[in-house]
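Let's take a friendly tour of this assembly, with an eye on how its chains meet. Have the viewer open as you read.

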Amino acid sequence: MRLLSSAFVALLAFARLSFAASSSGDSVLVLLDTSLDRENYSIFFGGLEKRGYSLTFRAPKDASPAITDYDVPNFDHVIFFSPEAKSYAQDITPQSLVGLLSEKTNLLIALSPKQTPLTSLATEFSLILPPPETPLISHHPARSERPTTIPVAVSSSSPLLTPGIPPVWFSGAPHALGNNPMLVPILRAPAESFAADSTDDTGADGIVDATEKGGEGLWAGSQMGLVTGFQTNVNSRVVFAGGIDLFSDEYARKELPSGTPSGNSQFARDIATWVFQETLTLRIDSVEHHRVNQTEAPEMYTTNDEIVYTAHISSYDSRTSTWKPYSGIGDLQLEFTMLDPHIRTSLPPVPGSPGTYQVQFRAPDRHGVFKFILNWKRKGYSYLSSSTTVPVVPPRHDGYPRFLSAAWPYYTGAISTSAGFFLFAALWLAGDVKGERKKVSKAE
Amino acid sequence: MAGPKSSSKSSSASSETSAAIATLWKSYLDETPDRLKFIDAFLSFIVLSGVLQFAYCVLVTNYPFNAFLAGFASSVGQFVLTASLRAQVNPENRSEFKDVSPERAFADFALGSIVLHFFVFNFLG
Amino acid sequence: MPAAYPLPTDLSPTTVANTASLLRIIALALISSAAIASRLFAVINFESIIHEFDPWFNYRATRVLASKGFYEFWNWFDPTAWYPLGRVVGGTIYPGLMATSGVIYNILHALNLPVDIRNICVLLAPGFSAFTAWATYMFTKEMKDESAGLLAAAFIGIVPGYISRSVAGSYDNEAIAIFLLMFTFFAWIKALKQGSAFWGTIAAVFYFYMVAAWGGYAFITNMIPLHVLVLMLMGRFTSRLYVAYSSWYAIGTLASMQVPFVGFQPVRTSEHMAALGVFGLLQIVAFGQLVRAHVSSKQFQGLLFAAVVFTGAIGFFGIVGLTYKGWIAPWTGRFYSLWDTGYAKKYIPIIASVSEHQPTAWPSFFMDLHFLIFLFPAGVVMCFRTLRDEHIFVIIYAVVASYFAGVMVRLMLTLTPVVCVSAAVALSSLMDAYLDPTEPEVEDEKKESSTPASVVAKSSTSTTTPATPATGKKSKKSKDKETSAPAGGVLGELVSNVASSAVAANSAAPTQKGIFGLDTRVVVLLNTIGMLLFFVVHCTWVTSNAYSSPSVVLSSTNSDGSQHIIDDFREAYYWLRQNTAEDAVVMSWWDYGYQIAGMADRPTLVDNNTWNNTHIATVGKAMSSPEEIAYPILRKHDVSYVLVIFGGLIGYSGDDINKFLWMVRIAQGVWPDEIQEPNYFNRGEYRVDSEASPAMRDCLMYKMSYYRFAELFGSQQAVDRVRGQQVPAQGPTLDYLDEAFTSENWIVRIYEVKKDDVLGRDLKIANAFDQGKKRKRTKPTSRRKAISA
């Protein structure tokens, strides 16, 4: 039953693929706080709709449209533009959102310096938020805006951003990153920024003292994140943005202190394409394994067999909405594991055959149930993992080498004994007749 | 089997022992029926074959251990079966083997040998 | 000659002989059917089902053999056992049992009798018990006569000690092994008596079958050489001995090496060295005999002395040297545990943990053998009376088997045949004496002066009737044991002195004491018959009550006396079969490995073939560790489900909590730093209630057993009925496992191992989050603080 329904879902998803930019569907629910105006984010929303997404808007406290029906998500992606909402409708709890993620729904969440239910959700992703009402503050560079409205330079190291994006305007709360390896830092705070509950510059020393005394770390510096992605074990994606203004038309149009246009619109688009599974989306189409010079996968291998392992990997191309073979992974590894990896080898792409990675290796001289394991996890990219179980068995009883040259004396010995036996038996029987006579005569 | 004996004799009173050996040999030649001598000839052939195999195993290689065991066991097995036959047909042992006539003895011997060789060749490869 | 009661005299001897043999055949047929019938209790009370643990594996293997053929079976590698190590089944089993069923199956199908393989397996043991009765008859016939043989056959047919391993459904190696054991011994005795290479070959072939069928073949491997050695020491070396032993050993050893599991062991391990040594010794002695025939005795002695010293030294140093160099494996632990009963517990807990490896309790001797155990010594004494070669065999067998049966419950099985044989000899002598119609005449010249050493009627120890020589109505060959005793037969002289003095004392008794009149006869015979009847009643009772439970299906009696079937095991195994992925690995304690593989058809980590101690210890460690330590172990081994047996609800005492200390001990043997047995006790007491030690309360086994147990009792106090302790109302919680299935009577509980959290969190935290618990506010890592400081 479950299999059927999942097949159905897959079928649905496949049907949608034909016209959506995203690899996982085009229906988006936007939870827009009633205090916010949709028009203020028209560039962002418009960009999404232009790329083929169908947006559904809903206030946080509305009951419908429901996020899930009977545990089946109704939407492929959910955008939380309700950074200050204190309460949500019943179907939205931190637990249900984690449930959504495990059902492969993607989330784009905007936070704010206020304490909301989403704050405690962020904790589950090992994002560490500063105390409430402590927005990010920076006095550099000198500018006319308030110290909480900060131009942040975009690092080009993150693979999911278009290279060369100009700095973006940001206002909101920073967060520290825990040590969860699934976090994907996208935008870091400027080195000279800090989080504080007042914009009053005179109390700077007091802030340091207070945080020290309270046992808090110092909320400052470039180790803090402003926009951070997270990719779950099931490859669904989340982005936490420290402030909602990042996506606003105002910031998109606002010029940087240097007078050049800001990178906000491009940045927001990059985030959205990533979180909605348009970019850096890879999958393993199939894996094959067989003995050298064969094509069919055997039921089991024999120890010391030469094994050929092939993986086909493709990536999603959002422009054509198709999966295309992808040969760009240079550090793919294959493990042949029984409890511990007995063999660990690189799995290089085959030149001239896109999307194919192949390696040939010799099975260890050890029998048991082995697994071919592909496990490729890189920040920003979809995780690739595959595990195929095969038994490796000792040679058959007639699979060992027989009739060795070293053994010929034994063969001769055995055969000569047998021959001797037959000769002896023949002579004995021949002699029997004579012996009989002799015996008779002796007896007389 | 002759090995230990001949070496030990030299250590003990050698003249007496060599005399004993001489008597032994003489009495053997005199008292043993021809048929038994025939068996003894076969026995010595098997011993030779077994010793050669054993020497090869010790000196060169025992790698296909099953082949060595098969070859060597065929020698040993054939030896004891033949020795059994010898004991059974020996007229001196008539009293011991009431139930076993010489013909029956040979049939037993043949059956045992065939079973033995069946296992030998099964084990050889 | 006066007779106690009239006998018909107008019968020709041929008629008597024919009738007697007809009666014997009918008796044997009846014994066989009784033997088979009494083993069918299990099928009638329950159903046609495979019993216990090991038989499930044998059954599964047989199915593979039947469906795929012998060669595939030979090369069968079972990837589902000992996951992920796998098991090379073809090379690690004794295939005799499966091959036997496979042959029967194929024959029946060739005859167009489409019998289910399961029914063949279930009924194989009863079928072979009939053969065992026949083999015992033949064996005992060699000892005394046909009537003793019939008695022995009847005894072995229904004696509980043998039934315990051969009821219908108990499809285990022992089912056919006892038949093979008896038949090999019979062939050996026959070979020895006749000096026939033919019987020696037969013995070797059956020895091969035995090797292929049961690990206990080592018993034969050592019994026969021991017999030969004793005979030689007694100065009873004959050419017949040489012929019999040489042909048996040469062919049998080579044949035994054909079994892959045995392989080169016969020339490599110490257990088999005795046979080899005796073989060598026999050759030397035989050669010595030959030489002696040709030289004078004085010369011979000189030669002999030098040769014996020389070869003895060579042989001894050779074996020591080879053992030292590792060519010959020293004795295995199982073997040591036969000599020192404390050994196993100290060094190999896994062997000691098996209940059938425990020393035998005294009552079980009576339970398994009933009045035979009293007749047994009498029979052995009878063997001393007529000390022929084969009697020495019985005596040695009796001594050795008695010792082993005392050490290990399971070896009671090897004792049972010899008990039946000796008891039959004793009882039949008694009957001979009291049924014999001739009354001794006070001053009669006996026309049949039976040889003094012939079978002597010996009263059983419980009666005080004097002995009389039995009139051999069977014309028994007088024994020809006047063999030339070669030098070195000191012990032999001693024994034969004792024996002959006993005989002399007997024959020197003033004429014949005998039995006059019918009254004494009737009293004694009625007594005997009464004992036999009680024996039958006892056997039937024991069989139907104690030995016919399949242990896969339990039964209890309702208050109104009706039977209540508890079928939790199969319920759970079928749940696994129907509801889990085919490659879902199930972890359980090794006792249930074969059953899970057989009934649920799922891969298991460990099973009853306890070949890898470390792997078992790993499971033991997982069971006795707290969840967070056990979880990585489970994940590493790809475990999807964990199965525990819990008897606390209905009082099933064979559950995992009672076996738990063995898991701890076995784990401790491998990880002494992490698992320590004393931690699981509270002040020396093994408790599961609120006083349980912290290690006990945290361990996976405890948690899985008592998870939600208290809820079952509502507001009442929860009580564990096996331990008789009150379980705290606040039960254990599980973070890394989910309860997946609990059977009707809670005997089997199955837990599913959770997958990694989707957010990569620790499952304990994820669980707390799911339950809506507030998480403590975390702080940025101190790394940053250090920089700012």
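## Chain A at a glance

Chain A exposes about 20,400 Å², and 55% of that area is supplied by carbon and sulfur atoms. Keep in mind that this is a predicted model. Of the 444 residues in chain A, 50% count as buried.

If you colour chain A by secondary structure, you will find 8 helices and 24 strands. Taking the contacts in chain A with a separation of 6 or more, 72% are between residues 24 or more positions apart.

## Where chain A meets chain C

Now to the interface of chain A and chain C. Here 43 residues of chain A are in contact with 32 residues of chain C. Together the two chains bury about 3,400 Å², with 58% of it on carbon and sulfur atoms. How many salt bridges does the rule find across the interface of chain A and chain C? There are 4. One to look up is the salt bridge between the side chains of C:Lys636 and A:Asp340, at 3.7 Å from N to O.

The interface of chain A and chain C also has 8 residue pairs in polar contact, both residues being at pLDDT 80 or more. On the chain A side, the elements that give two or more residues are α3 (94–102), α4 (117–124), β23 (368–376) and β24 (384–393). The largest share comes from α3(A), with 5 residues. By class, the side of chain A that touches chain C divides into 24 nonpolar, 12 polar and 7 charged residues.

Between them, chain B and chain C bury about 3,800 Å², and 71% of it is on carbon and sulfur atoms.

## A closer look at B:Thr82

Helix α4 of chain B, residues 65–89, holds B:Thr82. Is B:Thr82 buried or exposed? B:Thr82 counts as buried because its relative accessibility is 0%.

Leaving aside neighbours within four places in sequence, B:Thr82 is in contact with B:Ile39, B:Phe42, B:Leu43, B:Ile46 and B:Phe109, and also with A:Phe424 from chain A.

Technical notes
Residues are numbered from 1 along each chain as its sequence is written. Chains are lettered from A and ligands numbered from 1 in the order in which they are written. This is a predicted model: local features need pLDDT of at least 70, side-chain atom pairs count only at pLDDT 80 or more; totals for chains, interfaces and linings use all residues. Side-chain values use heavy atoms; hydrogens and water are left out. Helices (H or I, at least four residues) and strands (E, at least two) are DSSP runs, numbered from the N terminus. Buried means under 20% relative accessible area, exposed over 50%, partly exposed in between (1.4 Å probe, protein chains only). Contact means heavy atoms within 4.5 Å. Accessible areas come from the Shrake-Rupley method with a 1.4 Å probe; for residues, only the protein chains shown count as cover. Buried area is the accessible area (1.4 Å probe) that two parts lose on being put together, summed over both. A polar contact is a pair of N or O atoms within 3.5 Å; within protein, one must be able to donate a hydrogen and the other to accept it, and residues adjacent in sequence count only if both atoms are side-chain atoms. Ala, Val, Leu, Ile, Met, Phe, Trp, Tyr, Cys and Pro count as nonpolar, Asp, Glu, Lys and Arg as charged, and the others, Gly among them, as polar.
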